[in-house]
Amino acid sequence: MSIENSSVIPDLDFNTPAARRGRKLRALKDKVASVGIGLGGVSVIIAILLIFFYLLYEVIPMFRSAEVQPWVHNDQVVEPYAVPGAGKTLYMAMEEQAEIGIRVTDQGNIIFFSTTSGEVIKSIQASLPVGATITSFAMVSENSRMFALGLSNGQALVFKHTYKSTYPDGKRVILPNIAYPLGEQPIDVASTALEHLTISGSEGSYALIGGNQENLQAIFISQTENMFTGDVELEESTTKLPDLGIKIKKMLLMPDLAWLFVAGESGKMAVVNLRNQDAPVITQVLQASSSKITTFDLLLGGNALLLGNAEGDVSEWFLVRDDQGEWQMTKIRSFDTGNTSVSDLAIEHRRKGFATIDAAGELRLYNTTANVNVLAEKVAQANASMITLAPRANAALIEEGGKLTLLHIDNEHPEVSWSSLWGKVWYEGYEEPKYVWQSSAANNDFEPKFSLMPLAFGTLKAAFYAMILATPLAICGAIYTAYFMVPTLRRKVKPFIELMEALPTVILGFLAGLWLAPFMEENLPGIFVTLLMIPLAVLAFAYAWAQMPKQIRWLVPDGWDALLLIPVIMLATWFSISISPSIELTLFDGNMRHWLTNDLGIAYDQRNAMVIGIAMGFAIIPTIFSITEDAIFAVPKHLSYGSLALGATPWQTLTRVVIPTASPGIFSAVMIGMGRAVGETMIVLMATGNTPIMDANIFEGMRTLAANIAVEMPESEVGSTHYRILFLAAFVLFMFTFAVNTMAEVIRQRLRNKYGSL
Amino acid sequence: MNISVKEWFKSGSPWVWLNAGAVAISLIMVVGLLGLIAVRGLSHFWPADIVQGTYTVDGQSKTIAGEVVETNEVLTKQLIEAGIKIPDDTEFSTRHLLKVGNRDVYGSDFSWALEQFFTDQSKPAMLFTAERREWGNLYGYLRSLKESGKEIARVDGYDQSAEYIALWAELDKRVERALKIREDILVIEKHEIGAINYELERLRLKERGLQLDNVTDQAPYAAINQRRKELDAAYEGMQQRLLDLYTQINRDALTAEVAGGKVVEIQLAKIVRIFRPNAMNTGEKMLHYAAKLWEFVSDEPREANTEGGIFPAIFGTVMMVLLMSLLVTPFGVIAAVYLREYAKQGFVTRLIRIAVNNLAGVPSIVYGVFGLGFFVYFLGGNIDDLFFAAAKPAPTFGTPGLMWASLTLALLTVPVVIVATEEGLSRIPRALREGSLALGATKFETLMKVVLPMASPAMMTGVILAIARAAGEVAPLMLVGVVKLAPSLPLDGNYPFIHLDQKFMHLGFHIYDVGFQSPNVEAARPLVYATALLLVLVIALLNMSAIAIRNHLREKYKALEM
């Protein structure tokens, strides 16, 4: 600031070096402060906005498609290498770390090799009986690591490849080996050569089915461990299968050993029921595909079948119970493909996914639940014949004209797609496509069901019932408080109701769950009578009051009537509740719950949407009340005075002048209340059963997005699909409330500007 | 003056009345809710009389005794449907919920009793209540006192007698003694051994840190081992003292006959308090009430949080809220000052203002998700990698804890502070600022000496509202740091005294946990009501002070604007 022009007072020199220094210091301080405050302010605002971006950052990886690259080992790209060992490959797999591969040849050679160099680590020759050759191959499932070789003498050998990690000198060394889960001796399956073979089962109970076109036999093996000696004893039973009537190409047995699926020539498929082991029945022979079946495999868990054909179609099938209660093999969905013949199909070990390689050398990755093709990329020439996936689904090994290629696959979240999140999905074992949220289960081959629909529905249902209660109460209350109530009373009532906004919702939830829910269950008729009785009582009292002589009416001036009503309402409520048992006895035969369930067929949960409606309604009343009251109170007084002066009654003035003017404000109040109801967590968590069902029934519970996050987030594995879907749920909540609130805020600002001009 | 229904409706006054009814309903709901919590919460501490009587069902009689917790009327028909043989001559039957206690004997604390089967009701003065450290309350008749397994005194009969009074006085004395010894034990176990364990853990981390840094010099290792030996020796000594104390405390026992005739023996060490409610007069009951109330706010929880006090939860809540307000006040105020005083007012600031406003309406669980993902896993994980590598794989900050909970809540409440402060700043008349600038003050000086002091009540309001909101928020905390039972307080005598990485207990979560996750909800319910009451009181107090400050502020500037 320049002071040169100011009149100089002799004995007050502003220009001494000290004063100059002081001024400089002050100017500096000012600068520093502006920069500091600017920085601080901006960073706080950024920190707040960070929420949005962070949620997005966690959600986006889910929607990224998969990627495939050559495998990099020690900073070197792994080049294709010659297939280790001789002969034709029957089976190929990798261990957990994708460091060691296994290859089984048609000569009975089992070769373990390094997946990065092709170097043979260990080679084992299966001990075939004299004169026998390998005629068929079968696998239990990818994740069981068990497979069987069918021999020309009607016997089969069952193997399991196992790996042991050791840490000599702190470095991991994996030792591969072969085990014989059903014993080292060959198992007699059929009297003829095993041209076809299938094996399935789990811990302790296995079955092999094999033979040729004319003679197909099944052997059921159950293992029991002798409690005293620890020896494993085998118990076997055999049965002959009926003639299938189609030319067998490949057979698959479900792990529960109850169903056999046979792929035949020219797209035919036969379904055999083995539930009665002595008398297998052919239940279905159907035309499953319009052309030759090229691949025929069971998905993880063994409940669903994947079928690929020469035209390049891949479809999923599983058994569905029809109206008669019969199991029918049903085509569930078909996948987007390249329309070229599928050469080989590999099943993921831990997810409901698979990979295909087709005649054009294109690698495709799929997820069945989400029905998505997450990747389609040409990785091989036309003659690729075999593909296998590592257990972690992070690597694929492709055999192509005597060479092996190791690829790195980045496919973190294939189970998510728009349709799996928001659409109906036909899950395994379900009779029809459904919306289901079931994020986890005890078993490993479980199909996660990530439909957000039941949660979104539950959220809106809870909000809807809360709004039904809260909106009329809050708006009517606000109208009265702002327009009719005497100012002295208004100044007391308003802060009192606003105080309720600060009431922790955990308390409301606790009261709703532990007090209100049982109370309502006991006095259900009374609650409904109360809803009817209160308005009637108010009207009756008001009418009676209007009939009173003036002397009495004038005792209570206008604007105090609300207080008069308090005892009336309390009395009405008490009366309704106290006649509740009598009503129950006369109308509902003593138990309204039974009546609802048995006579009307309406399910009743103790913690239901009605409890939520009341408790959450209670929580949002103050929000709506406060904003509505402000909006109505802010309507310029001269508008209503004008109307009154023209002879309108106060009520006419209110409905025709005040409320239309304030309606945007009321609307924004409802929106903000709605936003609060949607995001409320504790009340819903505590006062509902938290079952993710889609049913608008007022007597049943729900699970909301917010409550779902609170329940499942702590147990969710970081970075997993489940974790990210919970983030998505949070993001949806965030966006919804943000949009609703912004809309309300903009409307409110408009309203303010409008009044400014009046 | 009579008015016809039609005219009356035409005048519109029924609608006005209905609107008035809405206000009345809201008020009744609010008052009713507060009343419900208060009555249920406060009545829990009152020593209720123990009723004893004969209960006859299907011709079989037994003696039962307990506190009447609840009495209601049920339809006789419903009872008959439930399989209870009861004459259906009356429409309703009275039913009592009795707290019969003695969980170790009967299997459950509560039992329903129908009035018409419950005869010969009396309140014998000799019946006593013992609050125990496990298995809940015991109700029964004192039979004998034992010292080191030997019986030293005995009374029989069910009427009050002189020898009974004497025995009771003796028991009282011995319970007092056991409680004193217990305090000594607690001091050793919690503080002294706790401190040693803490130091041992720090030594372990130090050693591991040295190993990680590849320090080969043996001197620091030797020093650590030396100190470890000292600590081990000290630990041995304490262990011995503890052993002695335990033999002392386990010396006495009592036997009591519970309703039904069974005689049980309990060690006095397991007793928290004994009293005979039926023999107490009102004054004694009030004293007892005060003692229980004090125990509730000052003691630690017992029996999976269903008994005892809630001190750790109060402490945790206060700590968390304090830390949060330390964070939220400066940042909120700076952001508000920036937005109002420094930023160029235009479209962008308006946008930001709307965004900040709306963030206050974003569901709190969303903040919890953000806190867990960003603070705990991302920031915490990185902090652990950088500074606490020695403690790995156990996470230090990479797990929910006090600091992350405070930060998350600070983020949740910062919009409240910003909005309130901005409102305060906007109320200050322009003339004041201009006056200050005209006198030659810089902008910063104007801000510090004129604007902020005048806006300080608004800031206070904002901070208080933020605190009130934070104190009642539970959903986000469930993700970022609260636990049902924290082994120690986040503030203690061990360096660095305040443990930001620790998990803590919280009043709101306590309500949720005890009310819904507890194994014995029925027994815990009164305690939950009491906790809820405390929380409501704290929050109502905070809000009322905010409102008072706001009103005061308005009055003050009304004068200024003149």
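Modeller: Residues are numbered from 1 along each chain as its sequence is written, and chains are lettered from A, ligands numbered from 1, in the order in which they are written. The model is predicted: local features need pLDDT of at least 70 and side-chain atom pairs count only at pLDDT 80 or more, while totals for chains, interfaces and linings use all residues.

Colleague: Why are H1(A) and H8(B) called roughly perpendicular?

Modeller: Helices are DSSP runs of H or I with at least four residues, and strands are runs of E with at least two, numbered from the N terminus. Axes are lines fitted to C-alpha atoms, for helices over the stretch in contact, and angles run from 0 to 180 degrees between N-to-C directions. The axes of H1 (residues 17–59) of chain A and H8 (residues 311–342) of chain B come within 8 Å and cross at roughly 110 degrees. Angles under 35 degrees count as roughly parallel, over 145 as roughly antiparallel, 65 to 115 as roughly perpendicular and the rest as oblique. H1(A) and H8(B) are therefore roughly perpendicular.

Colleague: What makes H10(A) roughly antiparallel to H12(A)?

Modeller: The axes of H10 (residues 609–633) and H12 (residues 650–679), both of chain A, cross at roughly 150 degrees and come within 8 Å. That angle makes H10(A) roughly antiparallel to H12(A). The residues of their contact divide into 13 nonpolar, five polar and one charged. In this division Ala, Val, Leu, Ile, Met, Phe, Trp, Tyr, Cys and Pro count as nonpolar, Asp, Glu, Lys and Arg as charged, and the others, Gly among them, as polar.

Colleague: How many residues does each chain give to the contact?

Modeller: Chain A gives 91 residues and chain B 82, where two residues are in contact if their C-beta atoms, placed from the backbone, lie within 7 Å. H1(A) supplies the largest share of the side of chain A that touches chain B, 19 residues. By class, that side has 64 nonpolar, 18 polar and nine charged residues.

Colleague: Why do S5 and S8 of chain A stand at the edges of their sheet?

Modeller: Four strands of chain A form an open, antiparallel sheet in the order S5-S6-S7-S8. Strands S5 (89–94) and S8 (120–125) each have a single partner strand, so one side of each is left without a neighbour in the sheet.

Colleague: How do you know that S6(A) and S7(A) pair?

Modeller: Two strands pair if DSSP finds at least two bridges between them. S6 (residues 100–105) and S7 (residues 109–114) of chain A have five bridges, in the antiparallel sense.
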